Amino acid sequence: MNRDDDCSLEGVRVLLVEDSMLPAMAMKRALEGAGATVLGPHTNAADALAAVELGDVAILDIHLRGGDSFAVAKALTTAAVPFFFVTGYSDPPDLPPELADVKRFTKPLLPSSLRRAVQELIRSAERP
Amino acid sequence: MGLRSLSLRNVVPIAFIGSALALAIFSFAWRIAWLDEEVENRIAKEAQLLMQIVAGDVESSLRTGDPLHARAMIIRSSADRELDGAALFDADGRVVFATTLTSVGDRIEETRFAPVSDRLAAARAAPGNLTWVSDDRGSLFTTHPVLLRRERSDLLPSEVGVLVLRHDLVAAKAAGFDDAATDVLFGLLPVGLIGLAIALFFHTYLTRRAQALVQATDRIAGGEYEVEPLSGADELALISRAIARMAGEIERQRRREKLMVAELDHRVKNSLAVVLALAGETLADTDSPEEFAAAFEGRIQSLALAHEALAASRWEGVALDELVRRTLDPVAREGPRLQLEGPPVVLPPEATVPLGLALHELATNATKYGAFSRDEGSVEVRWSRLDDARVQLHWRESGGPAVTPPKELGLGTALIRGLIEEELGGQVTIRYPGSGLRCEITLSLEE
């Protein structure tokens, strides 16, 4: 849970959308531990939508209190901000087809896995 | 074959064939019952016609005044008409002359006519045209009045009648019996064929419908719940509709089951994420393994207690007083040190675990630094409904050591704020008056 891996996220702004406070705190700690700046955690879609353009990458919980994060996902796609989903569902219901290719991670996401996943996201975004 | 092993599809055919048979037997019996009368009527009618002719012949011969001529005429005439016999009567009804075909000639067979002559005399006296009587051998007899010329009456008996008999009544009845049998047999054939056709139709129809039912239930057993019920209003259609309803119910239950399994999976993973996060946060907040273990165990225990209460309510919602009691019981039982007061309030399911954890943090803080750290200290938990959709909970400590606001925000406070404000969208106010910590939590009761 400490910075025992070589994943550095120095200077990366991560938009975190997660309505479950404790996992959000843990993710924030894990990301900040690797040098990232965490925007959020935002617990609802409205707050997250307002912050879409501020992040370099984003992490979205699919299910938020009273709805989902699909609108945020679409806004991120439009703004070309790379992101992935985290979810408690093995097979999330009602996933729109255009978001079916977005990478999904199942909770609980270990801090080391989370850092690696974000770094992978940045790499794949730089590659094209 | 017992009634239970009698196939439903065979009942209708058997009923059809049975009623066709019963109809045939009944119509045959009916024909036979009226056969005697029918044959007698027919023969009497024929005989009546013949007899009128014979009577005419006799009458004209009588006019000649020769009794022998009259006798010869009656023999010839009855033979010509193929009558079995004829006779002449006198005014007293006594047979003057009789003949039969088997004894053509002058042989008188009075014995044959004698037994009925009295009855004929009685019948003649009655009004009406012709009266027939039959003897014990089944022959029919009647007389026909012959108009006599008065001046010739000395030559012959003063009144003359003609009697006709036929011996073929028995044969006619036997033929009638055969006719009836033939008619019924040929009448039965089409009825039987129609019955057989209807029976076959029903057999096939019922077999098909029964097979459709079996196929439908097999499909349901195979997990295919869209079954088209049989049309119609018969019993099989009713059963079929009941099966379709049952299939719908099974489908709903399966879907609910699938949803519940997915939901359970989701909750388990979320719980693991929460536990993982609590471990990380607690580790960052504590200085020794012992301290970590105590704090972490306490938090996990509060999670477990809240989950237990939630499960006991079948995930429908826990009463607020029950959650408070369960969460605070490990620290202080309700009594002088813990007072609870408030109206019945049921919490939304998703608020149970966060509020339980927040209450645990308050209790832990009170044990470490507040009212529960001293024997004389006590905590009052009161709640009230602000309106239909919100509840406000007051945590008020007293009798503890003098309180001063903390210099920096501890994990406990961060958890309380995070869980109530960020996760549940409620409000938290924590104040530190000298008399003891006070905390106000406002929560939405809407799911």
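The model is predicted, and local features need pLDDT of at least 70, side-chain atom pairs pLDDT 80 or more, while totals for chains, interfaces and linings use all residues. Residues are numbered from 1 along each chain as written, chains are lettered from A in the order written, and side-chain values use heavy atoms, without hydrogens or water.

Contact means heavy atoms within 4.5 Å. Chain B contributes 24 residues to it and chain A 21 residues. About 2100 Å² is buried between the two chains, 64% of it on carbon and sulfur atoms. Buried area is the accessible area (1.4 Å probe) that two parts lose on being put together, summed over both.

The chains share 1 salt bridge. B:Glu281 and A:Arg29 form it through their side chains, at 2.5 Å from N to O. The term requires a side-chain nitrogen of Lys or Arg within 4 Å of a carboxyl oxygen of Asp or Glu. On the side of chain B that touches chain A, two or more residues come from each of helices H6 (235-285), H9 (349-368) and H10 (411-423). H6(B) gives the most, with 15 residues. Helices here are DSSP runs (H or I, at least four residues), numbered from the N terminus.

Helix H1 of chain A covers residues 21-33. At 1.5 Å a residue, its 13 residues should span 18 Å, and its end C-alpha atoms are 18 Å apart, which agrees. The expected span is 1.5 Å times one less than the number of residues. A:Gly35 follows H1(A) and has a positive phi, near 95°.
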